[in-house]
Amino acid sequence: MAGTRDAVVNADKDQMMRNAPAAERTAHGGLADAALARRMRRRGEESRFWWVVPTIYIIFLMLPIYWLINMSFKSNQEILGAFSLWPQNPTLRNYSVIFTDPSWYKGYINSIIYVVMNTVISISVALPAAYAFSRYRFLGDKHLFFWLLTNRMAPPAVFALPFFQLYSAFGLIDTHIAVALAHCLFNVPLAVWILEGFMSGVPKEIDETAYIDGYSFPRFFVKIFVPLIASGIGVAAFFTFMFSWVELLIARTLTTTDAKPIAAIMTRTVSASGMDWGVLAAAGVLTIIPGALVIWFVRNYIAKGFALGRV
Amino acid sequence: MEKTWNNKAWFMVLPVLVLVAFSAVIPLMTVVNYSVQDTFGGNQFFWAGAEWFEEMLHSDRFWAAMGRNLIFSAIILSIQIPLGIFIALNMPRKGWGVPVCLVLMALPLLIPWNVVGTIWQVFGRIDIGLLGYTLHALGFDYNYVNDPFDAWVTVIVMDVWHWTSLVVLLCYAGLVSIPDAFYQAAKIDGASRWAVFRYIQLPKMQRVLLIAVLLRFMDSFMIYTEPFVVTGGGPGNSTTFLSIDLVKMAVGQFDLGPAAAMSIIYFLIVLLLSWVFYTVMTNYDVEK
């Protein structure tokens with residue numbers, strides 16, 4: 001029968017592609033197996049078009065971003081004048097405005113300063129706490145863990161006004177540390193939850209062995225434990241960085257001029273000056289870059305990070 | 001993992017406790033303070049009891065914003081969850097396609113929220129935006145600045161654009177954890193594509209789907225920046241969601257009492273949802 005021979009040929013092909021046991025079973029022959037092989041082949045053909053859905057989706061995702069990049073290389077006359085899918089007269093003017101005008105580039109510096117401060121603070125306080133949660137039971141541990149989560153979930157709008165008054169009282173308004181501390185509200189819980197998820201994956205025997213070998217706790221923690229969860233620390237740092245970077249409401253409320261983040265400078269430009277679309281687009285593109293740069297390194301952990309380490 | 005009872009672990013948690021108490025408990029106490037007091041300016045405060053809460057719970061404005069927000073969250077969930085599952089099912093399992101898909105799909109998640117707003121504000125404009133211009137050229141009367149329906153569509157499409165990838169990535173994480181043996185068994189039994197989805201893939205995705213639903217609900221329930229940048233809550237009040245309304249009241253009109261009462265109600269709802277999230281998570285961890 002032609003069909004059977006077909007199937008056997010296909011089974012040979014399968015042997016190269018599929019894992020050994022399944023292919024072996026198919027190669028042993030028999031009519032039922034031949035039918036199975038045919039069905040598997042059909043599945044294989046179906047999945048030849050696997051790329052259609054992801055491609056359509058990715059095009060949908062990329063179009064608005066492309067449009068922003070497109071605009072950032074156009075002059076304002078071109079943006080408002082002729083409608084074109086790509087820049088006819090590409091210009092770097094918009095970017096040069098941002099890199100030469102202090103009121104623009106200082107926004108980036110301010111954002112980076114408070115975001116880095118926040119990341120350092122969040123990770124350094126979250127590390128011991130996450131270790132405690134992953135290794136020990138103590139009075140009120142579950143309530144505490146839950147309470148941390150509620151802060152991650154709390155609407156920033158609720159905190160905007162009280163933050164303003166609290167930091168006014170301490171004279172911290174318009175400083176980087178104010179924003180860095182305020183962002184700890186959601187970033188510390190996030191870091192604790194993510195790190196706890198990673199630490200629970202490290203067997204406890206490692207701790208015990210280290211103690212038997214005569215390591216003190218601080219030395220064990222720094223020399224053995226931290227290297228073991230290095231990827232977890234990287235992921236937690238990435239997410240604290242990211243969530244602080246994308247937040248606008250609190251950062252805008254707590255700053256006026258000296259520590260104003262780039263995000264707030266952008267909204268001001270939209271409302272006040274005569275709509276400099278090109279510069280606005282260029283500023284937008286520049287805020288996407290930090291995420292785009294590091295995303296490759298955390299690609300396998302994105303779901304884990306957003307799900308608070310619970311995936 | 002078996003955990004040992006050790007109350008000294010409190011010392012390790014102490015820094016977190018102090019920091020979060022400073023940035024969460026003190027501000028929250030301020031809110032509680034305002035919610036039960038009235039002021040006529042200066043620093044003069046009078047006890048107002050539950051007055052503001054009663055006013056809030058009888059205020060049409062509050063319920064309208066709440067209603068809009070719930071409808072918004074419901075639409076968001078009913079689009080993003082099925083769409084996310086569908087895309088995750090069609091993602092490649094191995095080869096060069098995997099990292100490419102992951103990286104490109106995750107990109108919108110990492111864009112600052114106000115830039116997301118800016119992107120769509122520009123994209124949807126009928127004079128300079130690709131979407132608005134194309135729709136207009138095709139003869140649609142699309143204008144998100146004047147038309148409440150168009151404003152809603154724009155805000156929803158924007159949120160789908162921004163957050164569907166999160167559902168995709170979570171579902172994908174659930175799917176790749178299914179061993180090949182499951183699929184081989186299904187093939188031997190002659191299971192249909194639907195049966196494979198219904199009895200193998202869906203049960204295995206249950207946990208991540210729950211996380212996805214809860215996270216998406218929470219975040220859409222407190223959405224602020226993106227619709228604020230695109231529509232500013234308008235036209236009229238048509239896209240004024242809870243957070244936008246709250247900020248308008250607290251920072252714009254400086255109505256501290258009602259705003260504080262609203263914050264407390266808002267926070268209690270979020271607290272309840274967090275509790276659901278936490279219970280679901282810990283139950284799963286115990287089963288595991």
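Predicted model: local features only at pLDDT ≥ 70, side-chain atom pairs only at ≥ 80, totals over all residues.
1. Residues are numbered from 1 along each chain as its sequence is written, and side-chain values use heavy atoms, with hydrogens and water left out.

2. The contact (heavy atoms within 4.5 Å) draws 105 residues from chain A and 109 residues from chain B. About 9,500 Å² is buried between chain A and chain B, 79% of it from carbon and sulfur atoms; buried area here is the accessible area (1.4 Å probe) that two parts lose on being put together, summed over both. In chain A, the residues that lose the most area to chain B are Y57(A), M153(A) and F306(A), which together give 7% of what that side buries.

3. Between chain A and chain B the count of salt bridges is zero, where a salt bridge is a side-chain nitrogen of Lys or Arg within 4 Å of a carboxyl oxygen of Asp or Glu.

4. Over all chains the structure holds five salt bridges. One of them joins D141(A) and R137(A) at 3.1 Å, N to O; D141(A) is buried at 7% relative accessibility, whereas R137(A) is partly exposed at 29% (buried is under 20% relative accessible area, exposed over 50%, partly exposed in between, with a 1.4 Å probe and protein chains only).

5. In chain B, D159(B) and R216(B) form a salt bridge with the closest N and O atoms 2.7 Å apart. D159(B) is buried, with a relative accessible area of 2%, and R216(B) is buried at 1%.

Conventions
Chains lettered and ligands numbered in written order.
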